[in-house]
Amino acid sequence: MKLEKFVLGSLGTNCYLLINEDTKEMVIVDPATCPDYLLSHVKNNGYIPKAILLTHGHFDHMLSLDALTDALPDTPVMIHASDAENLLDGEK
C-alpha cells in the first residue's frame, strides 16, 4: 500500500491517495481543490479510482467532488451517515 499526500488550496487541506501498488487501484481521500491536477496525476500514473472517501463533511474536504464525480461517474463517494446531509448542498 502506498500513500500520497497533497496539501491543496488556500486552506492547506490534506488530500490523500491510497494506492494498491500491485493493482494500481486507489482511493481518493478528501479531494480539496485542484481536481484537474488530481485527475491528471491519477491518469499519468495509471491509477484506477475505486472510491472517493470523505472523512467528514467540512466544505474544504469536498471542493473537487463535483468535478471528480463528473469525470469518474462510476466511482462511489463514501462519507459517514451523520455527515451525508452535507453533500445535499441545501437540498433537504
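Which residue with a positive phi follows α1? The residue is G46, and its phi lies near 70°. The structure is a predicted model, in which local features need pLDDT of at least 70 and side-chain atom pairs count only at pLDDT 80 or more, while totals for chains, interfaces and linings use all residues. Residues are numbered from 1 along each chain as its sequence is written, and side-chain values use heavy atoms, with hydrogens and water left out.

The chain holds two helices and five strands. Helices (H or I, at least four residues) and strands (E, at least two) are DSSP runs, numbered from the N terminus. Their order from the N terminus is β-β-β-α-β-α-β. Of the 92 residues, 35% are buried. Buried means under 20% relative accessible area, exposed over 50%, and partly exposed in between (1.4 Å probe, protein chains only). The chain exposes about 5700 Å², and carbon and sulfur atoms supply 52% of this area. Accessible areas come from the Shrake-Rupley method with a 1.4 Å probe; for residues, only the protein chains shown count as cover.

Strands β1 (residues 2-8) and β2 run antiparallel and are joined by seven bridges. Two strands pair if DSSP finds at least two bridges between them. In this pair, V7 stands opposite N14. The two strands form a hairpin with four residues between them, and G9 in the turn has a positive phi of about 80°. Strand β2 also pairs with β3 (residues 25-29), again in the antiparallel sense. Four bridges link β2 and β3, and I19 faces M26 across them. Five residues separate the strands of this second hairpin, where K24 has a positive phi near 70°.

In a regular strand, side chains alternate between the two faces of the sheet.

Helix α1 (residues 35-44) has L38, H41 and V42 as its buried residues. They lie on the same side of α1, because they cover an arc of only 100° around the axis. The arc is that of the directions from the helix axis to the C-beta atoms. D36, K43 and N44 are exposed on the other side of α1. The buried residues of α1 pack against β1, β2, β3 and β4 (48-53).

Helix α2 (residues 65-71) contains A67. This residue is partly exposed, with a relative accessible area of 32%.

Technical notes. Contact = heavy atoms within 4.5 Å.
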